[in-house]
Amino acid sequence: MPTPGQKRLLADVKSSLSRAIGEAQIEERDYRRTGCHLEVRLEGTGMRRAARCLKEKGFHLEMVTALDLIEAFELVYTYFNYQDQNLRVLVRVRLAREAKPYSVSEIFPSAIWLEREVYDFFGIRFKEHPNLTRIINPDDADYFPLLKTFGKTKFTAEIDDVLC
Amino acid sequence: MLTIKTIDDSNIHQRVYQLNLGPQHPSTHGVMHFILTLDGEVVVACDPHIGYSHRGHEKMAENRTYEQYLPNPTRMDYLSGLIFNYGYCQAVEKLCGIEVPKRAEYIRVITSELNRIASHMIGIMDFVMGLGAITPFVYGWDDREQILDLLEMVCGSRLTYSYGRFGGVRNDITQEFYDGTRRFIDRMRKRLKDYHDLITGNIIFIKRSENVGVLSKETALEYGVTGPTLRGSGVPYDVRKNEPYSAYPEFEFEIPTREEGDCLARYLVRMAELEQSLNIIEQALDRLPPGPIRADVPRFITPPPGEVYFSFESARGAVGFYIVSDGSRIPYRIKVRSPSFSNVFVMSKICPGHFLADVIAIFGSIDVTVPEIDR
Amino acid sequence: MSQLIQLWNTVYAFLGHDVTAGVIGLLILLAFIPLHVVFLVWFEMKVCAHIQLRPAFMEVGPHGILQNLADGIKMIGKDLITPKLADKFLYFIAPIVIFIPAFVGYIVIPFSPNLLIKDINVGVLLIFAFSSLTVLSVLMAGWSSNNKYSLIGAVRSVAQNVAYELPLLLSTMSVVIMTNSFSMREIIEAQSPVWFVVYQPVAFILFLISTTAENNRAPFDLVEAESELVSGFHTEYTGMRFGLFFLAEYTNMVIAASMATALFLGGWRGPFLPGIVWFFIKVYFLIFVVYWIRWTFPRIRFDQLMNFAWKVMIPVALLNLIVTAVVLKVL
């Protein structure tokens, strides 16, 4: 159960996030089932405003990843409050396939490598990123491995070794 | 073909040159590649290059069922493989809402802490070997041998374990394991004193690691550093205490933290964590409850559609498993947030200004497992 | 047979007593020293293993005595690879230049009252002069390998060797002004009631530290630091060329230990046992101490090494020399 301190911080974050980004959908989540306290849904833009707002409240970037929903991408960022209240906020941005979101690396330097990894595996190019190059795959690779259309997945071909 | 951004150092009168601390090197434990720009012996820039051990674990997750993926997390960070194995099981249990019986939780905690001690033995001793003292390294492997023998009795393998199952563990612990662990705890406590005499009091060691690689609290938090590296910089963050999971709320242990943020602080944090792990194992062995070791879980699980982010503490820092399920037996996406990935990036910030010898010391004190970075 | 004796007489008459003695002595040494070095390597590995609580090699020969001989034979059979862009002449002569001067030092070391190839009246200086040539060879090896790691190792070695020459010489001078002679034989004969280590403990410790640094042994072995520089200046050398570097390192160590015994521990002096046995006991004891230190301590960083030499060792050595001189004048 969230402690009183956590509830206060949660309410504080909710209100300042809705002030910073009016169009976001902010919902509280059950921590025991999903692992995050707050979930923020954005369409297309707004990640940097959310990042700045969360940094003022003492949150730091924990993870950046992307989901390949076939007709769109969804970027997922998790922010965690390391020092006081142990709250986790999950911020998701739904992007079109060719969209170029802004990078949050000026606000959180850990995003430099985390976003490079997302570019390396999904092909999402970030704007204003200091060094958007391949990080894990070979430097001259011309493929993006984690797309659902790459390799053998259940969207491309039948998987033959699964006991379905 | 690898294209590396290099400076042109063919001019013999140029002062600054680049050195490959290269994928093959006696001190980069794993295949880690740094491109150091040096001025004489002082590092001007440090650029880590990763990706030499990429095996595609995240893509593999999209082609296997949840049960078939069980061996994979172990191989990501093979030094704390059992912790990763349990973490994956717990993430899926959280997603499905499975309740794990008490005895299984206690067994998980005991074996996790043994694995943590084994991993710290390598981490600490690799750091000391990077400084030049080879003898403590051999002593550390001796202790690790004892743990590997113990875990082999229960889990069946010595390095890459796949002992956890959804809902519990695979088989019960034996009386031999119980007695062996008790003996090991006593022996290890004496050995810790020996290690402190041999290493911590040594003036050469102190001079090599004090004020070397100072990582301030703000830099550490901004770069997403977790684990003993963060605790050595003054932030008492440990997932076992901040977001308790499994049976950890029932044990009393402390989180050792130090303020200085240099290599010596990180080393001392790890040595103190060894003692805390021994305390946890002792408490768990004292209070081990009887009961079933596995919940009643269908043979092929199908989690409901949704997502979960589960965070747990490996020997290197806070790991996160982000599992997205679409209702079928094959996960939609599994993302592993690996602590070494963020920890190694901070080296490009703290290495400049130090000597070449210090780069090895800093890299050893951050204690990175390279395959975990590349997955 | 009589022709051989005639040949021998002409050679002896032509060369004279000294040169013949020198040549025969060097030939004996040439046969004896490599075997001795192989034994020393075995000794080091056994000491290392027992400090690390493990039995070392036990298979080849009883307790592995023949293991290093087998290693030596294997090393002779290896391919001699030269890097393509290496400076061929320097690359070729660097191992030779490091190996040969090491032998010359053995001419003046008195193994026992009668076993001495030639007693030169500047014996101590001869050893120092020839052992300083190793710096040149290390620099040649590091530069000619066309490898950045080798170059870093060689550059470190030059600075380290130059820095530690001074405390070495100054601590030796403290002994020399006590005996008024550079000759090794006279220094040992002057230690008749009491060894010099009792009169000059500070100089003894300084000498030991300086020779450990001169020979690039731990904790001063950053020149060939395995964890940082792969292998330092001899990274690119294979087969017997590496074998020569290896032999030279151990030969230098034996010379340094022999000098320490002769200068401070009384050389071949000792009751009951013959002189040569005492000499070797003392030499092996000192070498054992050097091994012991190597396998216990971590490595010093380069700037700390230079600080230690210039700011601590040289002032202490100078002070020791001044105090010795004053005391000798007063008494």
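**Close-up views of chain B and its neighbours**

**View 1. The contact of chain B with chain C.** In this predicted model, 25 residues of chain B are in contact with 24 residues of chain C (contact: C-beta atoms, placed from the backbone, within 7 Å). Two or more residues each come from strand E1 (16–21), helix H4 (102–131), helix H5 (135–155), helix H7 (203–209) and helix H14 (356–366) of chain B; helices (H or I, at least four residues) and strands (E, at least two) are DSSP runs, numbered from the N terminus. The side of chain B that touches chain C comprises 15 nonpolar, six polar and four charged residues. Ala, Val, Leu, Ile, Met, Phe, Trp, Tyr, Cys and Pro count as nonpolar, Asp, Glu, Lys and Arg as charged, and the others, Gly among them, as polar.

**View 2. The contact of chain B with chain A.** Here 40 residues of chain B meet 34 residues of chain A. On the side of chain B, the elements that give two or more residues are helix H1 (57–60), helix H8 (217–222), strand E6 (306–314), strand E7 (317–325), strand E8 (333–337) and helix H12 (339–345). E6(B) gives the most, with six residues. By class, this side of chain B holds 15 nonpolar, 13 polar and twelve charged residues. Of the two pairs of chains that touch, chains A and B have the most contacts. Chain A and chain C do not touch, and their nearest C-alpha atoms are 25 Å apart.

**View 3. The largest nonpolar core and Met347(B).** The largest nonpolar core has 235 residues, and Val89(A), Met347(B) and Ile362(B) have the most contacts inside it. Such a core is a set of buried Ala, Val, Leu, Ile, Met, Phe, Trp, Tyr and Cys residues joined through C-beta atoms within 7 Å; a residue is buried if 20 or more other C-beta atoms lie within 10 Å of its own. Not counting residues up to four places away in sequence, Met347(B) touches Cys46(B), Pro48(B), Ile362(B), Phe363(B) and Ile366(B).

**View 4. Chain B as a whole.** Chain B has 15 helices and eight strands. Its C-alpha trace spans about 70 × 50 × 35 Å along the principal axes. Of its 375 residues, 54% count as buried.

**Notes.** Residues are numbered from 1 along each chain as its sequence is written, and chains are lettered from A and ligands numbered from 1 in the order in which they are written. Local features need pLDDT of at least 70 and side-chain atom pairs count only at pLDDT 80 or more, while totals for chains, interfaces and linings use all residues.

Note on methods:
Buried ≥ 20, exposed ≤ 12 C-beta atoms within 10 Å, placed from the backbone.
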